[in-house]
Amino acid sequence: MQSGWRVGSLFGIPLLIDPSWFFILVIVTLSNALRWQIRYPDWGTPVAWGTGFAMALALFASVLLHELGHSLVAKVQGIRVQSITLFFFGGIAAIAQEPKTPGKAFQVAIAGPAVSFAIFLLLSVITIFTPDTEMPFNVLVRDLAAINLILTLFNMIPGLPLDGGQVLKAIVWKLTGSQIKGIRTAAKVGRFLGTVAIFWGMADVFGVTRSLGLPYGGGLWGALIGWFVVQNAGAYDRITELQEAMLKVKAEDAMTREFRVLDAGMPLRKFADDYLISDVRAPIYYAASNGRYRGVVNVDDLQQIERSEWETKTLLEIVHPLTEVATVQEATSIVEVIQMLENQNLPQVTVLSPAGAVAGVIDRGDIVKAIALKMNLRISDAAIKQIKEEGAYPPGLQLGAIAQAAAELR
């Protein structure tokens, strides 16, 4: 999560606040103030509301420290932390890449709950030395201690996107040697537990749990948390499935022969008249002579040559040798092709055969089509054509970032 307003930084990590945070700030303040007004009438309205607001701020300070725990362990491992964001459901630390080993992944995952549990222990010790339990400060400390214990236990539920899911992922990764299996297992557990939370919470709303004598399930709030878990666990599952497919696709699976090979001795005038003005224009041209590929013809280079010289100059004089252009082998993973396209901002790459001949070309549309075929997804020809023309992936399908993460899974 990268959206939100930047309000500062901690240890060089940008701190963001999502607009939804203000809504939950009001809800926490309101619920605590009303509860304490009834339970401690001697406080008076200003004190109850002030303490309620202080509790809301202290709660999010606890969440911030929780996320900071994840972040600092990641930084120690040399992983860049992009931001910490506070939002409706708490907080999230955006870490640039996955830890390299299951042991390091476990350390990052457990760090947040460990911080929350340490806060619980610290606040519990403070309550021992503050026996007057009806003072606002004492009540706030006692309730905040309980909340941090709940935060610890809740986050250790073994399903993604919760920390317990990250711990489960690390354990399965260690046992199986496959990070992908770890993610898929933790995501499936997360979807199951989130679905249970939705039904249990809604059962509370309609009084079913009370009539059956079942434990309280959190009501509407529990159902919302369950929905959040299901949505994010599903996202993990879908992205991992996409990454698995990407790792199995090779350049030869995605390449097309949408190019033309021309005689390197062709005059520039003939090239312009016969191919550039033509209704059927190839996306890329290669020049060859004596049975050898001489390189790529960059159409824009014609603008650098006087038209009076087009009759005498040939393609060979403006060709870019294959050694100077972006090329990959047929067996190259499509993940590497995607990274090359994005890192060098290229419209396409050339695929070479083992003998060094041009076997095909790949652009972003070809990549999407090949991956969709691998995953048995239907994408219209019109959509593929649009991707090719725009030279960009559709909104919401950031294959560059997904490929980078996939490369770390291998």
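**View 1. A nonpolar surface patch of about 690 Å² is formed by V205, F206, V208, L212, L220, W221 and L224.** The model is predicted: local features require pLDDT of at least 70 and side-chain atom pairs pLDDT 80 or more, whereas totals for chains, interfaces and linings use all residues. Residues are numbered from 1 along each chain as its sequence is written, and side-chain values use heavy atoms, without hydrogens and water. Two or more patch residues come from each of α7 (208-212) and α8 (219-248), and α8 gives the most, with three. L212, in helix α7, is exposed at a relative accessible area of 58%. (Patch residues have over 30% relative accessible area and no salt bridge, and nonpolar side chains are joined within 5 Å; areas are Shrake-Rupley values with a 1.4 Å probe; a salt bridge places a side-chain nitrogen of Lys or Arg within 4 Å of a carboxyl oxygen of Asp or Glu; exposed means over 50% and buried under 20% relative accessible area; helices are DSSP runs of H or I with at least four residues, strands runs of E with at least two.)

**View 2. Strand β2 (residues 13-17) is covered on both faces.** I13, L15 and I17 are buried on one side, P14 and L16 on the other. Strand β1 (residues 5-10) pairs with β2 in the antiparallel sense over five bridges (pairing requires at least two DSSP bridges), and W5 has I17 as its bridge partner. On the parallel side, three bridges join β2 to β3 (residues 81-87), where T85 partners L16.

**View 3. Helix α10 (residues 268-276) buries L268, F271, A272, Y275 and L276.** These buried residues fall within an arc of 105 degrees, so they line one face of the helix.

Note on methods
Buried means under 20% relative accessible area, exposed over 50%, partly exposed in between (1.4 Å probe, protein chains only). The arc is that of the directions from the helix axis to the C-beta atoms. Patches are made of residues with over 30% relative accessible area and no salt bridge: like charges are joined within 9 Å, nonpolar side chains (Val, Leu, Ile, Met, Phe, Trp, Tyr) within 5 Å.
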